[in-house]
Amino acid sequence: MNKGSEIDPDMDARAKECLRLYLAGDFEPSELIFGRPPPADEKPLRAKMRELLGEAESITLTAADTNEFGITTYRYNVCFRNAGQLEYHFGMNSDGKISRFSIVPVPGRAGPLKQYFEQGLAKPSEGD
């Protein structure tokens, strides 16, 4: 992988803005290359995920890699206030369309993170 110091500052800003919009609940799925509309129940689930994650306290680029198809994927470590560290993957086609957007556990931390989310998602909301 090419190390993060090689990232274009405009691309870095775009990746961070997409993450900010997603965490704020304002990410526009039609910008994604596959353009699928989200399922009807995605908004409440995303709101609960944002509540469980908490604020993103730091976003650090760790690597950038371009594959044989011209898709560049940027990998960030994001430290969230409530959930600790997660990886954020942001992929871009050569034509500027987003081809990958995911927030995943850091390798080796999937078990504890899964338990954290299972406990949080199982909690009844206030007023229930």
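Let's start at Glu87, a residue of strand 4 (residues 84-92). Keep in mind that we are looking at a predicted model.

Is Glu87 buried or exposed? Its relative accessibility is 10%, and anything under 20% is called buried, so Glu87 goes into the buried group. Its side chain has a polar partner: a contact of 2.9 Å links it to the side chain of His89.

**Strand 2, strand 3 and Thr72**

Now for another hairpin. Strand 2 (residues 56-66) and strand 3 (residues 72-80) run antiparallel and are joined by nine bridges. Here, too, five residues lie between the strands, and Gly70 in the turn shows a positive phi of about 85°.

Thr72 belongs to strand 3. Which residue does Thr72 stand opposite? The answer is Thr66, and the side chains of Thr72 and Thr66 also make a polar contact of 2.7 Å. With a relative accessibility of 15%, which is under the 20% limit, Thr72 counts as buried. If you set aside its neighbours within four places in sequence, Thr72 is in contact with Asp65 and Thr66, and also with Phe90, Gly91 and Met92.

Further along strand 2 you'll find Ser58. Ser58 is partly exposed, its relative accessible area being 34%. Apart from residues within four places in sequence, Ser58 has contacts with Asn77, Val78 and Cys79.

**Two pairs to check in the viewer**

Gly54 is in the loop between helix 2 (42-53) and strand 2. Not counting residues up to four places away in sequence, Gly54 touches Phe80, Arg81 and Asn82.

**Helix 1**

Helix 1 covers residues 9-24, which makes 16 residues. From its first C-alpha to its last it reaches 22 Å, close to the 22 Å expected at 1.5 Å a residue.

Which residues of helix 1 are buried? They are Met11, Asp12, Ala15, Cys18, Leu19, Tyr22 and Leu23. Looking down the axis of helix 1, you'd see these buried residues within an arc of 130°, so they line one face of the helix. The face turned away from the buried side of helix 1 carries the exposed residues Pro9 and Asp10.

The two ends of helix 1 are worth a look as well. At its start, the backbone nitrogen of Asp10 has a side-chain oxygen of Asp8 within 2.9 Å. After helix 1 comes Gly25, with a positive phi near 85°.

**The chain as a whole**

Stepping back, the protein chain has three helices and five strands. Follow the sequence and they come in the pattern β-α-α-β-β-β-β-α.

How much of the chain is buried? Of its 128 residues, 34% fall in that class. The accessible surface comes to about 8,000 Å², and carbon and sulfur atoms account for 51% of that. As for contacts between residues at least 6 apart in sequence, 51% join residues at least 24 apart.

Notes
Residues numbered from 1 in each chain as written. Predicted model: local features only at pLDDT ≥ 70, side-chain atom pairs only at ≥ 80, totals over all residues. Heavy atoms only, no water. Helix = DSSP H or I, 4+ residues; strand = E, 2+ residues; numbered from the N terminus. Expected span 1.5 Å × (residues − 1). Buried < 20%, exposed > 50% of the residue type's maximum accessible area, 1.4 Å probe, protein only. Arc of directions from axis to C-beta. Polar contact = N/O pair within 3.5 Å; in protein donor to acceptor, adjacent residues only side chain to side chain. Pairing = 2+ DSSP bridges. Contact = heavy atoms within 4.5 Å. Areas by Shrake-Rupley, 256 points an atom, 1.4 Å probe, with all protein chains shown as cover.
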